[in-house]
Amino acid sequence: MTLESEIARRRTFAIISHPDAGKTTLTEKLLLFGGAIQLAGAVKARGDARRAHSDWMKVERERGISVTASVMSFGYDGHMFNLLDTPGHEDFSEDTYRTLTAVDSAVMVIDAAKGIEAQTRKLFEVCRLRDMPIATFVNKLDREGRDPFDLIDEIEQGLALDVSPVTWPIGMGRNFLGVYDLRRDRLLLVDRKSDKVADGEVCQGVDDPKIDRLLPADAAAKLREDVEMVRELCPQFDLQAYREGTMTPVFFGSAINNFGVRELLAGIGELAPPPRVQASVERKVTPDEPRASGFVFKIQANMDPKHRDRIAFFRLCSGRFRRGMKMLHVRTGKTMTIHNPVLFLARDRELAEEAWPGDIIGIPNHGSLRIGDSLTEGESLRFTGIPSFAPEHLQTVRPEDPMKAKHLGRALEQLAEEGAARVFKPVVGSEWIVGVVGVLQFDVLADRIRTEYEIPVRFEPTSLHTARWVEAEDPRLLKKFIDANTANMAEDHSGAPVFLARNAWRLDKAQEDWPGVRFLKTKEQAW
Ligand code: G4P
């Protein structure tokens, strides 16, 4: 195994969709192809891997850590896929955004009856900010949906993307017969009697008489007409345009029937980019550099309230990682030995003996690792691009028992480090202000503080409108600004200054009055 070949076969991606479009179903079917789960959902035993796996389970039991299936790694057809779950379906959270910073491409799932929906659009915008390649899977063709040309038009107009169908559906709903593979001239037919996936019939173009034997006359005629129109109206697939994020290849299928899923997976393997070059403050880091480096994009707290262990999700950006490796924790300058890195295999996990660029490993720790942290084999690199978002909702939090104020402060700091919320300590006053992206997060936090830290708390609305991190080239100007606005200033958990605005007008006014100060909605977490 060489670094180059391991990089070349890796595909790290996420699925974005609106709730109910079929993300969970598609994920399951993809894992099925990868052999990562068996039909019954049981996990395959794999000799040594099995042993490593049970070792990990012991660690997990002892420490009381439980990790949900945030990352699923599986192999198929020579490729290694790392599928990252984008959490927060209903409760849109920062985790969702950050997960997208750790992938190289995305698959957008669309319900054929509904087209582009609100959440799909929101997630798409996040991908677009990074020019991320996006493949589209139009799902639920086994139900009556919208006309495929109509859907293509909507993607093109609504998302300002060039659209190039890779497969084309034959019929829909009860009359859904299969798809025609436009790139390989193959006919793939739905087999309603078995859930086996056939290899498809190779055709000599759409005029092949074979098609007339395999399809009813009206379906064959419609297919020929459609294919002619597609080839006339839609641009040909252009790998470079896709990889630059301006063109999306579209696959049609029915996840629940396992139809079209293999073509999608093969498509990702063939077309989606391998691990990318990653920007850092110091320089660009290419995956084939021999020295290992990467960043933490997510922290998951343990589920057991008695323990303080956490799992840091670490994306390897370069080099070969080996278990037991000593790595420089760039923010603190300390060396960490990574004894128990975890690989995530479907719903299972095992100790990672090694990992390659694009892979995600879980690093158990007691709170030393934070979101945005870089770990390297010695070089002082600070990876950029992991955003911290200005919260859209701000509330004060108080302990029911005033004697517990100090404890609450510590709990909040830990939650902030984990990335579960923003916590601001106003310069004036003794209250804590907590900011979140989705309002449901307040309930989740109150519950966690009560159960994990045994501090019953109350969240109360504030009159605050929004928060902005403030920066200035000239430190004296920043100090002047802070001094002039003490009543509206706070610090986040890392001590960075934050301006708390009571309303939109005040924010505008402050921006107008202080042209040399930058008011930031997102703060890059790089130390
Ligand atoms: P999500 O993760 O994006 O929220 O979607 P999920 O996979 O949970 O699918 C949402 C619903 O759509 C589920 O139905 C699922 O069975 C159905 N579904 C997914 N793919 C297809 C498909 O290709 N065709 C059809 N007809 N339905 C599909 P549900 O009724 O909410 O749940 P369940 O009772 O089926 O579990």
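**Cysteines, strands and ligand**

Modeller: Let me start with Cys-203, which is buried, with a relative accessible area of 4%. Please keep in mind that this is a predicted model.

Colleague: Thanks! Is Cys-234 buried or exposed?

Modeller: The cut-off for calling a residue buried is under 20% relative accessible area. Cys-234 has a relative accessible area of 12%, so Cys-234 counts as buried.

Colleague: How many disulfides does the model have?

Modeller: A disulfide is a covalent bond between the sulfur atoms of two cysteines. The rule used here asks for a pair of cysteine sulfur atoms within 2.5 Å. By that rule, the number of disulfides is 0.

Colleague: On to the strands. Why is strand 3 described as largely enclosed by the rest of the structure?

Modeller: Side chains in a regular strand alternate between the two faces of the sheet. In strand 3, His-79, Phe-81 and Leu-83 point one way, while Met-80, Asn-82 and Leu-84 point the other way, and all are buried. Strand 3 (residues 79-84) is largely enclosed because its buried residues number 6 of 6.

Colleague: Which residue stands opposite Phe-81 in strand 3?

Modeller: Look at strand 2 (residues 71-76), which pairs with strand 3 in the antiparallel sense over 6 bridges. Their hairpin has 2 residues between the strands, and Asp-77 takes a positive phi near 50 degrees there. Opposite Phe-81 you will find Phe-74.

Colleague: And which residue stands opposite Met-80 in strand 3?

Modeller: Here the partner to follow is strand 1 (residues 10-17), which runs parallel to strand 3 and is joined to it by 5 bridges. The residue opposite Met-80 is Arg-10.

Colleague: Now the ligand. Which helix gives the most residues to the shell around the ligand?

Modeller: The shell has 17 residues, and Asp-20, Lys-23, Thr-24, Thr-25 and Asp-142 come nearest to the ligand. By class, 4 are nonpolar, 8 polar and 5 charged. The helix that gives the most, with 3 residues, is helix 2 (residues 23-33).

How values were computed: Residues are numbered from 1 along each chain as its sequence is written. This is a predicted model: local features need pLDDT of at least 70, side-chain atom pairs count only at pLDDT 80 or more; totals for chains, interfaces and linings use all residues. Side-chain values use heavy atoms; hydrogens and water are left out. A residue is near a molecule or strand if one of its heavy atoms lies within 4 Å of it. Helices (H or I, at least four residues) and strands (E, at least two) are DSSP runs, numbered from the N terminus. Ala, Val, Leu, Ile, Met, Phe, Trp, Tyr, Cys and Pro count as nonpolar, Asp, Glu, Lys and Arg as charged, and the others, Gly among them, as polar. Buried means under 20% relative accessible area, exposed over 50%, partly exposed in between (1.4 Å probe, protein chains only). Two strands pair if DSSP finds at least two bridges between them.
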